[in-house]
Amino acid sequence: MYSPTVDGFSIHGSAVRYTEAPPPDDQSEVVHCFWELRTLATLPEDFRYHALPDACVNLLFNLVDPEIAGVTALHTQALTLDLGRSFHYAGVQFYPGAWGGDRSEILGRYVGTPYRGALPLVQTGRRLVGLEFAAMVPVLAEQVRWCMTHGHARANAVTARILSNLDAIRSVADMAALVGLSTRQLQRTLQRLTGFAPHDLLKVLRVQQSFRRHHLDLYADQAHFTHAFRQATGYTPERYRKRFRVRSVQDASE
């Protein structure tokens, strides 16, 4: 199944910890992971977090101020967030296509204001405050279960088939054939399920694959890969590898 890479962390800043945990079996087709991002001590300078596009939707909880929460996702370009010198976040990362809630709630920017939507995110955030990450996992799973029961999250056969067969997809036509839809039907379906046009979704998934596969398995040539990678992340592959903790990205000339 699709496994997006961890977002960019500066190679400096060892006082920042990121932790993931898998979901329970009954949520494994909906949730990629539960996660926590926190400082272990006050940092000497603001921490800049480089969020990568991955077509996933996240529920985000600010455990310093649990009134602040939100539903977040990026489109096709990375975003650098200034998190300050001390922070503590936790969240749920849903697979592409698994979020069925109100798409107008989804934010593609820094979340710094109290949540005013209909989801019980503030209540969940309050329950998470003071817990170690292992104790957060069942609380986060309960939040997901609530979302599934109320129609805000569900397994989706179309996107699940795409994510499970990425190696067989080289074009939008391949994607459409794989799920038994015309390209026009695929356009409407993916826009409704993910907010992405098929071509944009394929671009994001290919860049994500490049963190674990050689780029020539995915792109026509090195120049094409470098261009696509820079469009999505803001960096060439070589500069990205040097700056962030992701070590598996392939080098390419600039």
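# Exercises on salt bridges and a helix pair

At 34% relative accessibility, K203 counts as partly exposed, the class between buried (under 20% relative accessible area) and exposed (over 50%), with a 1.4 Å probe and protein chains only. The model is predicted, so local features need pLDDT of at least 70 and side-chain atom pairs pLDDT 80 or more, whereas totals for chains, interfaces and linings use all residues. Residues are numbered from 1 along each chain as its sequence is written, and side-chain values use heavy atoms, without hydrogens and water.

**Exercise 1.** Identify the salt-bridge partner of K203 and locate both residues.

*Solution.* 
1. The side chain of K203 meets that of D200 in a salt bridge, at 3.6 Å from N to O; the criterion is a side-chain nitrogen of Lys or Arg within 4 Å of a carboxyl oxygen of Asp or Glu.
2. Both K203 and D200 belong to helix α6 (residues 198-209); helices are DSSP runs of H or I with at least four residues, strands are E runs of at least two, and both are numbered from the N terminus.
3. The separation of K203 and D200 is 3 residues, about one turn of the helix.

**Exercise 2.** State which elements the salt bridge of R17 and E36 ties together, and classify the accessibility of each residue.

*Solution.* 
1. Between the side chains of R17 and E36, the N to O distance is 3.7 Å.
2. R17 lies in strand β1 (residues 16-21) and E36 in strand β2 (residues 31-39), so the pair links parts 19 residues apart in sequence.
3. R17, at 33% relative accessibility, is partly exposed, whereas E36 is buried at 1%.

**Exercise 3.** Characterise the crossing of α3 and α4 and the residues in contact.

*Solution.* 
1. The axes of α3 (residues 157-164) and α4 (residues 172-179) come within 10 Å and cross at roughly 125°; axes are lines fitted to C-alpha atoms over the stretch in contact, with angles from 0 to 180 degrees between N-to-C directions.
2. V158, R161 and I162 of α3 meet M175, L178 and V179 of α4, contact being heavy atoms within 4.5 Å.
3. The residues of this contact comprise 5 nonpolar, no polar and 1 charged; Ala, Val, Leu, Ile, Met, Phe, Trp, Tyr, Cys and Pro count as nonpolar, Asp, Glu, Lys and Arg as charged, and the others as polar.

Conventions
A crossing is left-handed if the near helix is turned anticlockwise from the far one by less than a right angle, and right-handed if clockwise.
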